[in-house]
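Please keep the model open while reading.

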There are 2 protein chains.
Amino acid sequence: MIEGTSTAALLLIGNELLSGRTQDANMAFLAARLAEIGIPLIEARVVPDVTGIIAEAVNALRPRVTYLFTTGGIGPTHDDITAASIAQAFGVPHVLDERAAAILREHYPPGELNAARLRMATLPQGAELIENPVSKAPGFRIGNVYVMAGIPKVMQAMFESLKPGLKGGAPILSESVTVYLPESKVAAGLAALQERYPGLELGSYPFQMQNRSGTRLVVRGTDPKALSDCRAAIVAMVEGLGVEGLGSESARSDRR
Amino acid sequence: MIEGTSTAALLLIGNELLSGRTQDANMAFLAARLAEIGIPLIEARVVPDVTGIIAEAVNALRPRVTYLFTTGGIGPTHDDITAASIAQAFGVPHVLDERAAAILREHYPPGELNAARLRMATLPQGAELIENPVSKAPGFRIGNVYVMAGIPKVMQAMFESLKPGLKGGAPILSESVTVYLPESKVAAGLAALQERYPGLELGSYPFQMQNRSGTRLVVRGTDPKALSDCRAAIVAMVEGLGVEGLGSESARSDRR
(Lines give C-alpha, C1' and ligand atoms only; values in the text may rest on other atoms or scores of the structure.)
Protein backbone atom coordinates (compact mmCIF):
# COMPACT_ATOMS: atom_id res chain seq x y z
CA MET A 1 0.00 0.00 0.00
CA ILE A 2 1.27 3.47 -0.85
CA GLU A 3 1.86 5.56 2.25
CA GLY A 4 0.70 9.14 1.88
CA THR A 5 0.94 12.15 4.15
CA SER A 6 -2.79 12.59 3.49
CA THR A 7 -5.18 9.66 3.07
CA ALA A 8 -8.79 9.29 2.00
CA ALA A 9 -11.73 6.97 2.53
CA LEU A 10 -14.94 6.83 0.52
CA LEU A 11 -18.47 6.09 1.68
CA LEU A 12 -20.88 5.20 -1.13
CA ILE A 13 -24.46 5.67 0.04
CA GLY A 14 -27.48 4.13 -1.65
CA ASN A 15 -29.78 1.12 -1.72
CA GLU A 16 -29.41 1.03 -5.51
CA LEU A 17 -25.74 0.03 -5.18
CA LEU A 18 -26.52 -2.83 -2.79
CA SER A 19 -29.46 -4.07 -4.86
CA GLY A 20 -27.34 -4.39 -7.98
CA ARG A 21 -29.54 -1.90 -9.83
CA THR A 22 -26.75 0.65 -10.24
CA GLN A 23 -23.13 -0.04 -11.05
CA ASP A 24 -21.01 2.44 -9.10
CA ALA A 25 -18.73 4.59 -11.21
CA ASN A 26 -17.66 7.07 -8.55
CA MET A 27 -15.04 5.01 -6.73
CA ALA A 28 -12.79 4.52 -9.76
CA PHE A 29 -13.06 8.20 -10.69
CA LEU A 30 -12.28 9.50 -7.22
CA ALA A 31 -9.47 6.99 -6.67
CA ALA A 32 -7.75 8.11 -9.85
CA ARG A 33 -8.21 11.84 -9.24
CA LEU A 34 -7.04 11.55 -5.62
CA ALA A 35 -3.95 9.61 -6.72
CA GLU A 36 -3.06 12.46 -9.07
CA ILE A 37 -2.84 14.82 -6.11
CA GLY A 38 -1.04 12.35 -3.86
CA ILE A 39 -3.91 11.26 -1.64
CA PRO A 40 -4.21 7.46 -1.55
CA LEU A 41 -7.70 6.03 -1.13
CA ILE A 42 -7.27 3.44 1.61
CA GLU A 43 -10.80 2.12 2.15
CA ALA A 44 -14.29 2.33 0.72
CA ARG A 45 -17.64 1.23 2.11
CA VAL A 46 -21.09 0.91 0.60
CA VAL A 47 -24.06 1.37 2.91
CA PRO A 48 -27.85 1.50 2.46
CA ASP A 49 -30.16 4.50 2.94
CA VAL A 50 -30.50 4.01 6.70
CA THR A 51 -29.62 6.93 8.98
CA GLY A 52 -28.08 4.95 11.83
CA ILE A 53 -25.93 2.88 9.49
CA ILE A 54 -24.68 5.92 7.57
CA ALA A 55 -23.87 7.78 10.80
CA GLU A 56 -22.02 4.77 12.21
CA ALA A 57 -19.93 4.37 9.06
CA VAL A 58 -19.09 8.10 8.98
CA ASN A 59 -17.92 7.97 12.57
CA ALA A 60 -15.93 4.78 11.99
CA LEU A 61 -14.12 6.19 8.97
CA ARG A 62 -13.54 9.89 9.65
CA PRO A 63 -10.98 9.47 12.46
CA ARG A 64 -8.96 7.04 10.32
CA VAL A 65 -8.23 9.29 7.35
CA THR A 66 -7.38 12.87 6.43
CA TYR A 67 -10.44 13.14 4.20
CA LEU A 68 -13.69 11.19 4.06
CA PHE A 69 -15.74 11.58 0.88
CA THR A 70 -19.34 10.48 0.56
CA THR A 71 -21.48 10.12 -2.55
CA GLY A 72 -25.24 9.81 -2.85
CA GLY A 73 -28.39 10.64 -0.92
CA ILE A 74 -28.47 14.43 -1.17
CA GLY A 75 -31.44 14.83 -3.52
CA PRO A 76 -35.02 15.96 -2.80
CA THR A 77 -36.80 12.66 -2.01
CA HIS A 78 -37.59 10.74 1.18
CA ASP A 79 -34.66 8.36 0.65
CA ASP A 80 -32.15 11.23 0.50
CA ILE A 81 -31.06 11.13 4.11
CA THR A 82 -27.33 11.71 3.91
CA ALA A 83 -27.40 15.27 5.34
CA ALA A 84 -29.59 14.22 8.29
CA SER A 85 -27.34 11.20 8.91
CA ILE A 86 -24.18 13.29 8.91
CA ALA A 87 -25.77 15.80 11.27
CA GLN A 88 -26.50 12.84 13.56
CA ALA A 89 -22.92 11.57 13.24
CA PHE A 90 -21.55 14.97 14.27
CA GLY A 91 -24.22 15.55 16.93
CA VAL A 92 -25.35 18.85 15.40
CA PRO A 93 -28.81 20.06 14.32
CA HIS A 94 -30.02 19.50 10.75
CA VAL A 95 -31.20 22.96 9.70
CA LEU A 96 -32.11 25.05 6.68
CA ASP A 97 -28.94 26.68 5.40
CA GLU A 98 -29.69 30.20 4.19
CA ARG A 99 -26.77 30.29 1.74
CA ALA A 100 -27.90 27.03 0.12
CA ALA A 101 -31.52 28.19 0.07
CA ALA A 102 -30.44 31.41 -1.66
CA ILE A 103 -28.65 29.42 -4.38
CA LEU A 104 -31.79 27.36 -5.01
CA ARG A 105 -34.05 30.41 -4.90
CA GLU A 106 -31.97 32.03 -7.60
CA HIS A 107 -31.87 28.87 -9.71
CA TYR A 108 -35.52 27.84 -9.86
CA PRO A 109 -38.32 29.86 -11.47
CA PRO A 110 -40.67 31.59 -9.00
CA GLY A 111 -42.94 29.06 -7.27
CA GLU A 112 -40.77 26.08 -8.20
CA LEU A 113 -38.76 25.95 -4.96
CA ASN A 114 -41.05 23.45 -3.23
CA ALA A 115 -40.54 21.66 0.09
CA ALA A 116 -38.80 18.74 -1.60
CA ARG A 117 -36.25 21.03 -3.18
CA LEU A 118 -35.70 22.93 0.08
CA ARG A 119 -34.70 19.58 1.56
CA MET A 120 -31.53 19.97 -0.52
CA ALA A 121 -30.70 23.14 1.45
CA THR A 122 -31.20 21.48 4.84
CA LEU A 123 -27.72 20.67 6.11
CA PRO A 124 -25.79 19.89 9.28
CA GLN A 125 -25.31 23.12 11.23
CA GLY A 126 -21.84 24.54 10.62
CA ALA A 127 -21.36 22.90 7.22
CA GLU A 128 -19.52 24.72 4.43
CA LEU A 129 -21.01 24.56 0.94
CA ILE A 130 -19.44 22.72 -2.00
CA GLU A 131 -20.32 24.39 -5.29
CA ASN A 132 -22.37 22.41 -7.81
CA PRO A 133 -21.94 24.01 -11.24
CA VAL A 134 -24.10 21.33 -12.90
CA SER A 135 -27.43 21.37 -11.07
CA LYS A 136 -26.83 24.05 -8.40
CA ALA A 137 -27.98 22.18 -5.24
CA PRO A 138 -24.70 22.24 -3.30
CA GLY A 139 -22.72 19.53 -1.58
CA PHE A 140 -21.18 20.35 1.78
CA ARG A 141 -18.20 19.81 4.06
CA ILE A 142 -18.27 19.38 7.81
CA GLY A 143 -15.05 18.58 9.66
CA ASN A 144 -13.05 16.33 7.32
CA VAL A 145 -16.16 14.90 5.65
CA TYR A 146 -16.97 16.00 2.07
CA VAL A 147 -20.52 15.19 0.98
CA MET A 148 -21.20 14.94 -2.74
CA ALA A 149 -23.98 13.86 -5.08
CA GLY A 150 -24.27 10.30 -6.39
CA ILE A 151 -24.85 11.19 -10.05
CA PRO A 152 -21.37 10.90 -11.58
CA LYS A 153 -21.51 14.11 -13.62
CA VAL A 154 -22.58 16.14 -10.59
CA MET A 155 -20.16 14.39 -8.24
CA GLN A 156 -17.27 15.04 -10.60
CA ALA A 157 -18.11 18.73 -10.83
CA MET A 158 -18.37 18.97 -7.04
CA PHE A 159 -15.02 17.25 -6.68
CA GLU A 160 -13.40 19.81 -8.97
CA SER A 161 -14.98 22.55 -6.82
CA LEU A 162 -13.57 21.20 -3.56
CA LYS A 163 -10.22 19.92 -4.85
CA PRO A 164 -8.29 23.20 -4.41
CA GLY A 165 -8.95 22.91 -0.66
CA LEU A 166 -7.32 19.49 -0.31
CA LYS A 167 -3.76 19.15 0.89
CA GLY A 168 -2.17 16.30 -1.04
CA GLY A 169 1.33 14.99 -1.50
CA ALA A 170 3.53 13.80 -4.32
CA PRO A 171 1.39 12.40 -7.17
CA ILE A 172 1.01 8.63 -7.15
CA LEU A 173 2.39 7.43 -10.47
CA SER A 174 1.83 4.14 -12.16
CA GLU A 175 3.54 2.14 -14.89
CA SER A 176 2.65 -1.22 -16.29
CA VAL A 177 4.25 -3.96 -18.35
CA THR A 178 2.03 -6.40 -20.19
CA VAL A 179 3.37 -9.86 -20.92
CA TYR A 180 1.87 -12.96 -22.48
CA LEU A 181 2.75 -15.30 -19.64
CA PRO A 182 0.53 -16.69 -16.89
CA GLU A 183 0.91 -15.03 -13.51
CA SER A 184 2.56 -18.09 -11.99
CA LYS A 185 5.59 -17.73 -14.29
CA VAL A 186 6.35 -14.19 -13.13
CA ALA A 187 5.34 -14.69 -9.49
CA ALA A 188 8.78 -15.48 -8.05
CA GLY A 189 10.52 -12.67 -9.94
CA LEU A 190 7.82 -10.19 -8.99
CA ALA A 191 7.96 -11.13 -5.30
CA ALA A 192 11.74 -10.56 -5.34
CA LEU A 193 11.24 -7.13 -6.93
CA GLN A 194 8.60 -6.20 -4.35
CA GLU A 195 11.20 -6.96 -1.65
CA ARG A 196 13.81 -4.89 -3.48
CA TYR A 197 11.42 -1.92 -3.79
CA PRO A 198 9.46 -1.82 -0.52
CA GLY A 199 8.32 1.78 -1.14
CA LEU A 200 6.54 0.78 -4.34
CA GLU A 201 3.40 -1.27 -4.76
CA LEU A 202 3.68 -4.12 -7.26
CA GLY A 203 0.57 -5.82 -8.54
CA SER A 204 -0.15 -8.54 -11.02
CA TYR A 205 -3.40 -8.82 -12.99
CA PRO A 206 -4.10 -11.78 -15.25
CA PHE A 207 -6.15 -11.60 -18.44
CA GLN A 208 -7.12 -13.76 -21.39
CA MET A 209 -6.88 -12.34 -24.89
CA GLN A 210 -7.28 -14.27 -28.14
CA ASN A 211 -6.89 -17.51 -26.19
CA ARG A 212 -3.55 -16.47 -24.75
CA SER A 213 -2.91 -16.04 -21.03
CA GLY A 214 -1.41 -12.71 -20.18
CA THR A 215 -0.49 -10.73 -17.11
CA ARG A 216 -0.30 -7.03 -16.60
CA LEU A 217 2.37 -6.10 -14.08
CA VAL A 218 1.65 -2.78 -12.44
CA VAL A 219 3.98 -0.73 -10.28
CA ARG A 220 2.80 2.32 -8.34
CA GLY A 221 4.56 4.84 -6.19
CA THR A 222 5.49 8.46 -5.69
CA ASP A 223 9.23 8.31 -6.52
CA PRO A 224 9.65 8.66 -10.31
CA LYS A 225 13.25 7.37 -10.27
CA ALA A 226 12.38 4.26 -8.24
CA LEU A 227 9.37 3.67 -10.48
CA SER A 228 11.42 3.86 -13.64
CA ASP A 229 14.15 1.61 -12.16
CA CYS A 230 11.57 -0.92 -11.05
CA ARG A 231 9.86 -0.92 -14.43
CA ALA A 232 13.21 -1.59 -16.11
CA ALA A 233 13.85 -4.41 -13.62
CA ILE A 234 10.44 -5.92 -14.45
CA VAL A 235 11.24 -5.84 -18.16
CA ALA A 236 14.65 -7.47 -17.47
CA MET A 237 13.00 -10.11 -15.28
CA VAL A 238 10.47 -10.95 -17.99
CA GLU A 239 13.19 -11.08 -20.66
CA GLY A 240 15.16 -13.41 -18.38
CA LEU A 241 12.22 -15.81 -18.57
CA GLY A 242 12.89 -16.10 -22.28
CA VAL A 243 9.66 -14.62 -23.56
CA GLU A 244 10.07 -14.55 -27.31
CA GLY A 245 9.96 -11.07 -28.82
CA LEU A 246 9.33 -8.89 -25.81
CA GLY A 247 8.39 -6.11 -28.17
CA SER A 248 5.06 -4.59 -28.87
CA GLU A 249 3.56 -8.00 -29.44
CA SER A 250 4.38 -10.18 -26.46
CA ALA A 251 4.95 -7.38 -24.00
CA ARG A 252 4.40 -3.70 -23.97
CA SER A 253 4.61 -0.98 -21.46
CA ASP A 254 2.52 2.09 -21.14
CA ARG A 255 2.33 4.97 -18.79
CA ARG A 256 -0.91 5.89 -17.11
CA MET B 1 -34.00 -1.58 3.56
CA ILE B 2 -35.44 -5.00 2.80
CA GLU B 3 -35.39 -7.26 5.85
CA GLY B 4 -34.35 -10.81 5.04
CA THR B 5 -34.15 -13.94 7.15
CA SER B 6 -30.66 -14.29 5.71
CA THR B 7 -28.37 -11.35 4.96
CA ALA B 8 -25.06 -10.91 3.18
CA ALA B 9 -22.06 -8.60 3.21
CA LEU B 10 -19.35 -8.33 0.59
CA LEU B 11 -15.64 -7.64 1.02
CA LEU B 12 -13.88 -6.59 -2.19
CA ILE B 13 -10.12 -7.10 -1.80
CA GLY B 14 -7.52 -5.46 -4.00
CA ASN B 15 -5.27 -2.44 -4.40
CA GLU B 16 -6.42 -2.17 -8.02
CA LEU B 17 -9.93 -1.19 -6.88
CA LEU B 18 -8.65 1.54 -4.56
CA SER B 19 -6.20 2.90 -7.12
CA GLY B 20 -8.92 3.36 -9.73
CA ARG B 21 -7.16 0.99 -12.12
CA THR B 22 -9.99 -1.55 -12.06
CA GLN B 23 -13.69 -0.83 -12.06
CA ASP B 24 -15.38 -3.41 -9.85
CA ALA B 25 -18.06 -5.47 -11.55
CA ASN B 26 -18.56 -8.08 -8.85
CA MET B 27 -20.75 -6.15 -6.42
CA ALA B 28 -23.58 -5.50 -8.89
CA PHE B 29 -23.54 -9.14 -10.05
CA LEU B 30 -23.57 -10.62 -6.56
CA ALA B 31 -26.19 -8.16 -5.31
CA ALA B 32 -28.55 -9.12 -8.12
CA ARG B 33 -27.99 -12.88 -7.79
CA LEU B 34 -28.38 -12.78 -4.01
CA ALA B 35 -31.61 -10.80 -4.34
CA GLU B 36 -32.99 -13.53 -6.60
CA ILE B 37 -32.60 -16.04 -3.78
CA GLY B 38 -33.87 -13.71 -1.08
CA ILE B 39 -30.59 -12.71 0.55
CA PRO B 40 -30.28 -8.91 0.77
CA LEU B 41 -26.77 -7.49 0.52
CA ILE B 42 -26.60 -5.06 3.42
CA GLU B 43 -23.03 -3.75 3.29
CA ALA B 44 -19.91 -3.85 1.15
CA ARG B 45 -16.35 -2.81 1.85
CA VAL B 46 -13.29 -2.39 -0.31
CA VAL B 47 -9.89 -2.96 1.30
CA PRO B 48 -6.28 -3.05 0.07
CA ASP B 49 -3.95 -6.06 -0.09
CA VAL B 50 -2.83 -5.76 3.54
CA THR B 51 -3.22 -8.79 5.79
CA GLY B 52 -4.12 -6.98 8.99
CA ILE B 53 -6.70 -4.79 7.28
CA ILE B 54 -8.35 -7.73 5.51
CA ALA B 55 -8.47 -9.77 8.72
CA GLU B 56 -9.96 -6.85 10.64
CA ALA B 57 -12.67 -6.30 8.02
CA VAL B 58 -13.53 -10.01 7.93
CA ASN B 59 -13.91 -10.09 11.69
CA ALA B 60 -15.97 -6.88 11.69
CA LEU B 61 -18.39 -8.14 9.05
CA ARG B 62 -18.82 -11.87 9.64
CA PRO B 63 -20.74 -11.61 12.94
CA ARG B 64 -23.16 -9.10 11.38
CA VAL B 65 -24.50 -11.19 8.52
CA THR B 66 -25.54 -14.71 7.61
CA TYR B 67 -23.01 -14.85 4.78
CA LEU B 68 -19.85 -12.88 4.08
CA PHE B 69 -18.51 -13.10 0.54
CA THR B 70 -15.04 -11.97 -0.48
CA THR B 71 -13.60 -11.43 -3.95
CA GLY B 72 -9.98 -11.10 -5.00
CA GLY B 73 -6.52 -12.01 -3.81
CA ILE B 74 -6.49 -15.79 -4.27
CA GLY B 75 -4.09 -16.06 -7.20
CA PRO B 76 -0.45 -17.20 -7.31
CA THR B 77 1.47 -13.94 -6.75
CA HIS B 78 2.93 -12.19 -3.71
CA ASP B 79 -0.03 -9.77 -3.48
CA ASP B 80 -2.53 -12.66 -3.24
CA ILE B 81 -2.85 -12.74 0.51
CA THR B 82 -6.54 -13.33 1.07
CA ALA B 83 -6.20 -16.95 2.26
CA ALA B 84 -3.44 -16.04 4.75
CA SER B 85 -5.48 -13.06 5.98
CA ILE B 86 -8.59 -15.17 6.52
CA ALA B 87 -6.55 -17.80 8.38
CA GLN B 88 -5.35 -14.96 10.62
CA ALA B 89 -8.91 -13.69 11.10
CA PHE B 90 -10.05 -17.15 12.23
CA GLY B 91 -6.88 -17.86 14.23
CA VAL B 92 -6.13 -21.06 12.33
CA PRO B 93 -2.97 -22.19 10.50
CA HIS B 94 -2.54 -21.45 6.79
CA VAL B 95 -1.62 -24.85 5.34
CA LEU B 96 -1.36 -26.78 2.09
CA ASP B 97 -4.74 -28.35 1.40
CA GLU B 98 -4.28 -31.82 -0.12
CA ARG B 99 -7.65 -31.77 -1.90
CA ALA B 100 -6.87 -28.43 -3.54
CA ALA B 101 -3.33 -29.57 -4.42
CA ALA B 102 -4.78 -32.72 -6.05
CA ILE B 103 -7.07 -30.60 -8.22
CA LEU B 104 -4.15 -28.48 -9.39
CA ARG B 105 -1.92 -31.54 -9.92
CA GLU B 106 -4.53 -33.04 -12.19
CA HIS B 107 -5.05 -29.77 -14.08
CA TYR B 108 -1.51 -28.73 -14.92
CA PRO B 109 0.89 -30.66 -17.20
CA PRO B 110 3.70 -32.48 -15.36
CA GLY B 111 6.29 -30.05 -14.01
CA GLU B 112 3.97 -27.03 -14.31
CA LEU B 113 2.70 -27.05 -10.72
CA ASN B 114 5.31 -24.64 -9.40
CA ALA B 115 5.54 -23.02 -5.96
CA ALA B 116 3.48 -20.01 -7.09
CA ARG B 117 0.62 -22.24 -8.21
CA LEU B 118 0.77 -24.31 -5.01
CA ARG B 119 0.13 -21.05 -3.17
CA MET B 120 -3.41 -21.34 -4.57
CA ALA B 121 -3.83 -24.62 -2.64
CA THR B 122 -2.63 -23.11 0.65
CA LEU B 123 -5.75 -22.39 2.67
CA PRO B 124 -6.96 -21.78 6.22
CA GLN B 125 -7.05 -25.11 8.05
CA GLY B 126 -10.57 -26.52 8.11
CA ALA B 127 -11.76 -24.71 4.96
CA GLU B 128 -14.14 -26.39 2.53
CA LEU B 129 -13.42 -26.04 -1.18
CA ILE B 130 -15.56 -24.07 -3.64
CA GLU B 131 -15.39 -25.56 -7.11
CA ASN B 132 -13.91 -23.45 -9.91
CA PRO B 133 -15.04 -24.86 -13.25
CA VAL B 134 -13.26 -22.09 -15.19
CA SER B 135 -9.63 -22.21 -14.10
CA LYS B 136 -9.67 -25.03 -11.49
CA ALA B 137 -7.89 -23.32 -8.55
CA PRO B 138 -10.69 -23.49 -5.97
CA GLY B 139 -12.25 -20.89 -3.74
CA PHE B 140 -13.06 -21.87 -0.17
CA ARG B 141 -15.48 -21.46 2.69
CA ILE B 142 -14.63 -21.23 6.37
CA GLY B 143 -17.40 -20.54 8.88
CA ASN B 144 -19.82 -18.19 7.14
CA VAL B 145 -17.11 -16.66 4.92
CA TYR B 146 -17.07 -17.56 1.22
CA VAL B 147 -13.83 -16.68 -0.54
CA MET B 148 -13.94 -16.22 -4.32
CA ALA B 149 -11.71 -15.03 -7.13
CA GLY B 150 -11.67 -11.40 -8.29
CA ILE B 151 -11.87 -12.11 -12.04
CA PRO B 152 -15.58 -11.74 -12.79
CA LYS B 153 -15.90 -14.86 -14.98
CA VAL B 154 -14.23 -17.04 -12.34
CA MET B 155 -16.10 -15.41 -9.46
CA GLN B 156 -19.42 -15.95 -11.20
CA ALA B 157 -18.67 -19.63 -11.77
CA MET B 158 -17.63 -20.06 -8.14
CA PHE B 159 -20.83 -18.38 -7.00
CA GLU B 160 -22.89 -20.83 -9.04
CA SER B 161 -20.93 -23.67 -7.39
CA LEU B 162 -21.61 -22.50 -3.86
CA LYS B 163 -25.14 -21.17 -4.35
CA PRO B 164 -26.96 -24.46 -3.68
CA GLY B 165 -25.53 -24.38 -0.15
CA LEU B 166 -27.03 -20.98 0.70
CA LYS B 167 -30.26 -20.71 2.64
CA GLY B 168 -32.22 -17.80 1.25
CA GLY B 169 -35.73 -16.47 1.58
CA ALA B 170 -38.46 -15.15 -0.66
CA PRO B 171 -36.95 -13.61 -3.79
CA ILE B 172 -36.55 -9.83 -3.67
CA LEU B 173 -38.60 -8.48 -6.56
CA SER B 174 -38.38 -5.09 -8.16
CA GLU B 175 -40.62 -2.97 -10.36
CA SER B 176 -40.01 0.45 -11.75
CA VAL B 177 -42.00 3.29 -13.27
CA THR B 178 -40.20 5.84 -15.41
CA VAL B 179 -41.63 9.33 -15.66
CA TYR B 180 -40.49 12.52 -17.34
CA LEU B 181 -40.73 14.69 -14.26
CA PRO B 182 -37.98 15.96 -11.98
CA GLU B 183 -37.64 14.12 -8.67
CA SER B 184 -38.92 17.08 -6.69
CA LYS B 185 -42.37 16.83 -8.33
CA VAL B 186 -42.90 13.24 -7.21
CA ALA B 187 -41.14 13.54 -3.83
CA ALA B 188 -44.20 14.22 -1.66
CA GLY B 189 -46.31 11.51 -3.29
CA LEU B 190 -43.50 9.00 -3.07
CA ALA B 191 -42.85 9.75 0.62
CA ALA B 192 -46.55 9.16 1.35
CA LEU B 193 -46.43 5.82 -0.48
CA GLN B 194 -43.31 4.78 1.44
CA GLU B 195 -45.29 5.34 4.65
CA ARG B 196 -48.24 3.37 3.30
CA TYR B 197 -45.97 0.44 2.33
CA PRO B 198 -43.35 0.19 5.11
CA GLY B 199 -42.39 -3.35 4.08
CA LEU B 200 -41.32 -2.19 0.64
CA GLU B 201 -38.33 -0.09 -0.32
CA LEU B 202 -39.11 2.88 -2.56
CA GLY B 203 -36.32 4.66 -4.36
CA SER B 204 -36.11 7.51 -6.80
CA TYR B 205 -33.36 7.91 -9.40
CA PRO B 206 -33.13 11.00 -11.60
CA PHE B 207 -31.79 10.96 -15.13
CA GLN B 208 -31.43 13.28 -18.12
CA MET B 209 -32.42 12.04 -21.55
CA GLN B 210 -32.72 14.12 -24.71
CA ASN B 211 -32.64 17.26 -22.57
CA ARG B 212 -35.63 16.12 -20.53
CA SER B 213 -35.45 15.53 -16.78
CA GLY B 214 -36.79 12.14 -15.79
CA THR B 215 -37.05 10.02 -12.70
CA ARG B 216 -37.15 6.29 -12.37
CA LEU B 217 -39.24 5.22 -9.40
CA VAL B 218 -38.22 1.82 -8.11
CA VAL B 219 -40.06 -0.35 -5.62
CA ARG B 220 -38.50 -3.50 -4.12
CA GLY B 221 -39.80 -6.12 -1.79
CA THR B 222 -40.62 -9.77 -1.31
CA ASP B 223 -44.44 -9.61 -1.35
CA PRO B 224 -45.67 -9.76 -4.97
CA LYS B 225 -49.17 -8.49 -4.09
CA ALA B 226 -47.87 -5.48 -2.14
CA LEU B 227 -45.40 -4.77 -4.92
CA SER B 228 -48.07 -4.80 -7.58
CA ASP B 229 -50.41 -2.65 -5.46
CA CYS B 230 -47.64 -0.16 -4.78
CA ARG B 231 -46.69 0.02 -8.43
CA ALA B 232 -50.30 0.76 -9.34
CA ALA B 233 -50.39 3.44 -6.65
CA ILE B 234 -47.22 5.01 -8.07
CA VAL B 235 -48.79 5.13 -11.53
CA ALA B 236 -51.96 6.70 -10.06
CA MET B 237 -49.88 9.24 -8.13
CA VAL B 238 -47.97 10.22 -11.26
CA GLU B 239 -51.19 10.49 -13.29
CA GLY B 240 -52.60 12.68 -10.54
CA LEU B 241 -49.74 15.10 -11.21
CA GLY B 242 -51.18 15.60 -14.67
CA VAL B 243 -48.33 14.19 -16.68
CA GLU B 244 -49.58 14.24 -20.23
CA GLY B 245 -49.81 10.86 -21.91
CA LEU B 246 -48.53 8.54 -19.22
CA GLY B 247 -48.05 5.93 -21.90
CA SER B 248 -44.96 4.58 -23.43
CA GLU B 249 -43.63 8.05 -24.09
CA SER B 250 -43.79 10.04 -20.89
CA ALA B 251 -43.82 7.13 -18.50
CA ARG B 252 -43.34 3.45 -18.78
CA SER B 253 -43.04 0.59 -16.39
CA ASP B 254 -41.01 -2.50 -16.70
CA ARG B 255 -40.30 -5.51 -14.61
CA ARG B 256 -36.79 -6.45 -13.70
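The text below covers the domains, the contact between the chains, the sheet and a hairpin.

The model is predicted. In chain A, the domain assignment places domain 1 at residues 8-165 and domain 2 at residues 173-255. The C-alpha centres of these two domains of chain A are 38 Å apart.

**Contact between the chains**

Chain B gives 44 residues to the contact, and chain A gives 44 residues. On the side of chain B that touches chain A, the elements giving two or more residues are the helices α1 (15-18), α2 (26-36), α6 (115-118) and α8 (183-196) and the strands β2 (41-47), β10 (201-209) and β11 (212-221) of chain B. By residue type, this side of chain B has 23 nonpolar, twelve polar and nine charged residues.

**The sheet**

An open sheet of twelve strands with mixed pairing runs in the order β6(A)-β7(A)-β8(A)-β3(A)-β1(A)-β2(A)-β2(B)-β1(B)-β3(B)-β8(B)-β7(B)-β6(B). Its edge strands are β6 (128-130) of chain A and β6 (128-130) of chain B, each of which pairs on one side only. From one strand to the next, the twist averages 20°.

Helix α7 (residues 152-162) of chain A packs on the sheet, where it touches β3 (67-71), β6, β7 (139-142) and β8 (145-148) of chain A. The direction of α7(A) makes about 145° with that of β8(A). In chain B, helix α2 lies across β1 (8-13), β2 and β3 (67-71) and runs at about 160° to β1(B).

**Strand pairs**

Where do the two chains meet within the sheet? Strand β2 (residues 41-47) of chain A is joined to β2(B) by three bridges, and the two run antiparallel. Within this pair, Ala44(A) has Val46(B) as its bridge partner. Two further antiparallel pairs lie within a chain: β7(B) with β8(B), and β10(A) with β11(A).

| Strand pair | Sense | Bridges |
|---|---|---|
| β2(A) and β2(B) | antiparallel | three bridges |
| β7(B) and β8(B) | antiparallel | three bridges |
| β10(A) and β11(A) | antiparallel | nine bridges |

**The hairpin in chain A**

Strands β10 (residues 201-209) and β11 (residues 212-221) of chain A form a hairpin with two residues between them. Which residue in the turn has a positive phi? Gln210(A) does, with a value of about 45°.

Key. Residues numbered from 1 in each chain as written. Chains lettered and ligands numbered in written order. Predicted model: local features only at pLDDT ≥ 70, side-chain atom pairs only at ≥ 80, totals over all residues. Domains from an automatic or database assignment. Contact = placed C-beta atoms within 7 Å. Helix = DSSP H or I, 4+ residues; strand = E, 2+ residues; numbered from the N terminus. Nonpolar A, V, L, I, M, F, W, Y, C, P; charged D, E, K, R; others polar. Pairing = 2+ DSSP bridges. Axes fitted to C-alpha atoms, helices over the stretch in contact; angles between N-to-C directions.
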